[in-house]
2 protein chains.
Amino acid sequence: MKPVITAFEASPDGGQGLARDMRVRWALEEVGQSYDVRLLSFAAMKAPAHLRLHPFGQIPTYEEGDLQLFESGAIVLHIAQKHRGLLPTEENARARAIAWMFAALNSVEPPIFDHDIAMIIDQDKSWHHDRMVVVEGRIRDRLRVLSHHLGDADWLDGGFSAADLLMVTVLRMLHGTGLLDEFPFVARYVARGEARPAYLRAFDAQRAVFLASQRQK
Amino acid sequence: MKPVITAFEASPDGGQGLARDMRVRWALEEVGQSYDVRLLSFAAMKAPAHLRLHPFGQIPTYEEGDLQLFESGAIVLHIAQKHRGLLPTEENARARAIAWMFAALNSVEPPIFDHDIAMIIDQDKSWHHDRMVVVEGRIRDRLRVLSHHLGDADWLDGGFSAADLLMVTVLRMLHGTGLLDEFPFVARYVARGEARPAYLRAFDAQRAVFLASQRQK
């Protein structure tokens, strides 16, 4: 059964692969599962038909027969549990990889997402700079830990897993901020993720959607 | 095998059950699994022995034989997968419950945690009020969706699950802000969670630790 995911018709990131459908596309590419994409306008994301799939009116969603899922982390975990290749088979190693999935989304992403939000909605405020000092401090705290943990290891815990997939997509949001450059082990880790063939296929697929949306303007 | 978790020796929340060991205690109580607790000072949390268990130097951790886990969401998921009672057995319902676990931690908690942080570290800033308006707006967006989704249903998706456990612990952080009172369906949902016998046992256990720490002063 070919799953169907949703994605932005015209992604606000300009096709940089920062929208959360990238995580799901990458996971599906890693396990070799083909998929269809239903593109949504901003209006369609808030319409009743989509809110039945995603209560928060966002992308991505995942439909596979009777199953309907939202939350990119949950979708990636579902794909990783259903197919081989994204989680270790040994029970304890698998639980540890899932712990790192939660760490990516619950310990590392929140301050990084705050940085994004601050750049979007606070930029004209007189206190924007003060606020950024606080946010960047919290991000550096996380990057310092990741750098220490990774050292020159390729991945977070043994082989590449769904945890690395999520962590790399989270850390990529920092491109252009200079923060990754302060932590070379982390920067090289992100680059390793971005060099994977499955990543590149997913990146190209989402970029093609954005480029098509520009041509229609 | 009796698991061992870690918790604050003297929780900064004053025993209100807002520290993240509460989630793990509650899950263990729901499934009837007894556990031991190793209490940590702030200094011990940042010491090498603990950093080997939890790279970010926080609580809780979970040890069970050879398995060592961190991240409260991952620990609750591990407990829910190992025991009956915290996740539906039907496959699609189980995947949906896990989606709501991620929603609690990745879509609902971040703005609520920002509120906490803003109260702790930004309160003396001239822009504190401006910042709170932004944060509270983001929280209300989430509560509006939850209220609409819940209506007068008891739980997020059918019977009580690990998703409700996480969501209630996240929403409880809003006690005292007045925000829950604006959404009566959500407020009643939180109260339902807090009335569960397993919740009360977990709450009393963490509170006893805090009270003991006060007596030793």
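**Exercise 1. The domains of chain A**

Task: State which residues form domain 1 and domain 2 of chain A in this predicted model, and how far apart their centres lie.

Solution. Step 1: The domain assignment gives chain A a domain 1 made of residues 4-85 together with 198-215, and a domain 2 that covers 91-196. Step 2: Taken over C-alpha atoms, the centres of domain 1 and domain 2 of chain A are separated by 21 Å. Step 3: The contact between them draws 18 residues from domain 1 of chain A and 19 residues from domain 2 of chain A.

**Exercise 2. The area between the domains**

Solution. Step 1: The size of an interface is often given as the accessible area lost when the parts come together.

**Exercise 3. Polar links and elements between the domains**

Task: Count the salt bridges and polar contacts across the domain interface of chain A, and identify the elements on the side of domain 1.

Solution. Step 1: Three salt bridges are found across the interface of domain 1 and domain 2 of chain A. Step 2: A salt bridge also joins the side chains of A:Glu30 and A:Arg196, at 2.7 Å from N to O. Step 3: Ten residue pairs are in polar contact across the interface of the two domains of chain A. Step 4: Helix H1 (21-31), helix H4 (72-82) and helix H9 (197-215) of chain A each give two or more residues to the side of domain 1 that touches domain 2. Step 5: The largest share of that side, five residues, comes from H4(A). Step 6: By class, that side of domain 1 of chain A has ten nonpolar, five polar and three charged residues.

**Exercise 4. The interface of chain B and chain A**

Task: Describe the contact between chain B and chain A by residues, area, salt bridges and elements.

Solution. Step 1: The contact involves 42 residues of chain B and 42 residues of chain A. Step 2: The two chains bury about 3800 Å² between them, with 66% given by carbon and sulfur atoms. Step 3: B:Phe56, B:Phe102 and B:Trp127 supply 19% of the area that chain B buries against chain A, more than any other three residues. Step 4: Two salt bridges are counted between chain B and chain A. A:Asp114 and B:Arg138 meet in a salt bridge through their side chains, at 3.8 Å from N to O. Step 5: Strand E4 (67-70), helix H4 (72-82), helix H5 (91-121) and helix H6 (128-150) of chain B each supply at least two residues of the side that touches chain A. Step 6: H5(B) provides the largest share of that side, 18 residues.

**Exercise 5. Helix H1 of chain B**

Task: Explain why helix H1 of chain B is described as largely enclosed by the rest of the structure.

Solution. Step 1: A residue is buried when its relative accessible area is under 20%. Step 2: The buried residues of H1(B) include B:Arg23, B:Trp26 and B:Leu28. Step 3: Ten of the eleven residues of helix H1 of chain B are buried, so this helix is largely enclosed by the rest of the structure.

Key. Residues are numbered from 1 along each chain as its sequence is written. Chains are lettered from A and ligands numbered from 1 in the order in which they are written. This is a predicted model: local features need pLDDT of at least 70, side-chain atom pairs count only at pLDDT 80 or more; totals for chains, interfaces and linings use all residues. Side-chain values use heavy atoms; hydrogens and water are left out. Domain bounds come from an automatic or database domain assignment. Contact means heavy atoms within 4.5 Å. A salt bridge is a side-chain nitrogen of Lys or Arg within 4 Å of a carboxyl oxygen of Asp or Glu. A polar contact is a pair of N or O atoms within 3.5 Å; within protein, one must be able to donate a hydrogen and the other to accept it, and residues adjacent in sequence count only if both atoms are side-chain atoms. Helices (H or I, at least four residues) and strands (E, at least two) are DSSP runs, numbered from the N terminus. Ala, Val, Leu, Ile, Met, Phe, Trp, Tyr, Cys and Pro count as nonpolar, Asp, Glu, Lys and Arg as charged, and the others, Gly among them, as polar. Buried area is the accessible area (1.4 Å probe) that two parts lose on being put together, summed over both. Buried means under 20% relative accessible area, exposed over 50%, partly exposed in between (1.4 Å probe, protein chains only).
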